[in-house]
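Colleague: I have a new model open and would like to learn how to read it with you. Could we go through it feature by feature?

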Amino acid sequence: MPTAVVLILVGLTLLIVFLVIIRPEITAARGGKILAFLALFVFPVFAGVMGFENHMERSKQTAFCLSCHVMEPYGKSLNVDDPNYLAAAHYQNSRIPRDHACYTCHTNYTIYGTFRDKFRGLRHAYKYYIGHPANPIKLYEPINNRECLHCHLGARSFEQGAVHNADPQTMADIKGNKLSCMSSGCHDTVHNVPQLDHVKYWKPQP
């Protein structure tokens, strides 16, 4: 629905601008001035705001992330039939929403993160449409445990897990991001893209 509204606003704007160009005398009257003001200022602002909001929601979808060629292997890794693959285990067991899988675990990334991250996001768009995206891609910085704790903090399996509580300091270090969930060796197989040609795949039931 928002896309249709944006297209209608754009269409109305172009129609009114075309009308003003071929018949500029209509702007002499009060009604013509209001019409021109709507076409040149009000409609474009509404269309821009609604278009931005619509795109932001769309860009949270897994399908949007995987529409980029360099991301295809990462989408493929979500169906690896091996519970040691962290992304696959979360995706296949619905521990995260499947249609927002990428966004759920990368909430601080590019346009959703800090001001600096937003500029990185613009750079990604530039590279995708004009330049050459890096292949293989790399994260700007290691995943912060904060991204894991968004969901796992307070969960019984996490809070009472034997490994997490084997040493009194372990849990504090995990929550304080001093002991990485991934690079510490506990959950270090995430997407493992280089090995995707040597693994079995899970086929979802229709």
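Predicted model: local features only at pLDDT ≥ 70, side-chain atom pairs only at ≥ 80, totals over all residues.

Colleague: Where in the chain is His-90 found?

Modeller: His-90 belongs to helix α5, which covers residues 86-92.

Colleague: And which residues is His-90 in contact with, leaving aside its neighbours within four places in sequence?

Modeller: There are Arg-95, Ile-96 and His-152.

Colleague: Let me step back to the whole chain. How many helices and strands does the chain have?

Modeller: The count is 10 helices and 0 strands. Reading along the sequence therefore gives α-α-α-α-α-α-α-α-α-α as the pattern.

Colleague: How do I judge the overall form? What radius of gyration does the chain have, and what would a compact globule of 206 residues have?

Modeller: The idea is to set the value beside the one for a globule. A compact globule of 206 residues would come out near 17 Å, but this chain has 24 Å. Along its principal axes, the C-alpha trace spans about 80 × 40 × 35 Å.

Colleague: What share of the 206 residues counts as buried?

Modeller: The share is 28%. As for the accessible surface, the chain has about 14100 Å², and carbon and sulfur atoms account for 63% of that.

Colleague: Which share of the contacts between residues at least 6 apart in sequence joins residues at least 24 apart?

Modeller: In this chain, 57% of those contacts do.

Colleague: What about charges? How far apart are the mean positions of the positive and negative ones?

Modeller: Take the mean position of each set and compare the two. Here the 20 positive and 15 negative charges have mean positions 7 Å apart.

Colleague: Now aromatic rings. How many aromatic pairs does a search of the whole structure find?

Modeller: The search finds 1 aromatic pair. Phe-37 and Phe-41 have ring centres 5.3 Å apart and planes at 35°, so the pair is tilted. The reasoning needs two cut-offs: planes under 30 degrees apart count as stacked, over 60 as edge-to-face, and the rest as tilted.

Colleague: Where do Phe-37 and Phe-41 lie?

Modeller: Both are in helix α2, residues 30-58, and they sit 4 residues apart, about one turn of the helix. Phe-37 counts as partly exposed, at 48% relative accessibility.

Colleague: Helix α2 also holds Lys-33. Which residues does Lys-33 touch, not counting those up to four places away in sequence?

Modeller: Lys-33 touches Ile-26, Thr-27 and Ala-28. With a relative accessible area of 48%, Lys-33 is partly exposed.

Colleague: Last topic: distance along the chain against distance in space. How far apart in space are Asn-108 and Ile-143?

Modeller: Compare the two separations pair by pair. Asn-108 and Ile-143 are 35 residues apart in sequence and 9.4 Å apart in space, C-alpha to C-alpha. Asn-108 lies in the loop between α6 and α7 and is partly exposed, at 25% relative accessible area.

Colleague: What is the separation of the C-alpha atoms of Pro-194 and Phe-64?

Modeller: They are separated by 23 Å, at 130 residues apart along the chain. Pro-194 is found in the segment after α10, and is exposed with a relative accessible area of 66%.

Conventions. Residues numbered from 1 in each chain as written. Heavy atoms only, no water. Helix = DSSP H or I, 4+ residues; strand = E, 2+ residues; numbered from the N terminus. Rg over C-alpha atoms; globule rule 2.2 N^0.38 Å. Buried < 20%, exposed > 50% of the residue type's maximum accessible area, 1.4 Å probe, protein only. Contact = heavy atoms within 4.5 Å. Areas by Shrake-Rupley, 256 points an atom, 1.4 Å probe, with all protein chains shown as cover. Lys, Arg positive; Asp, Glu negative; His and termini not counted. Charge placed at Lys NZ, Arg CZ, Asp CG, Glu CD. Phe/Tyr/Trp six-rings, centres within 6.5 Å; stacked < 30°, edge-to-face > 60°.
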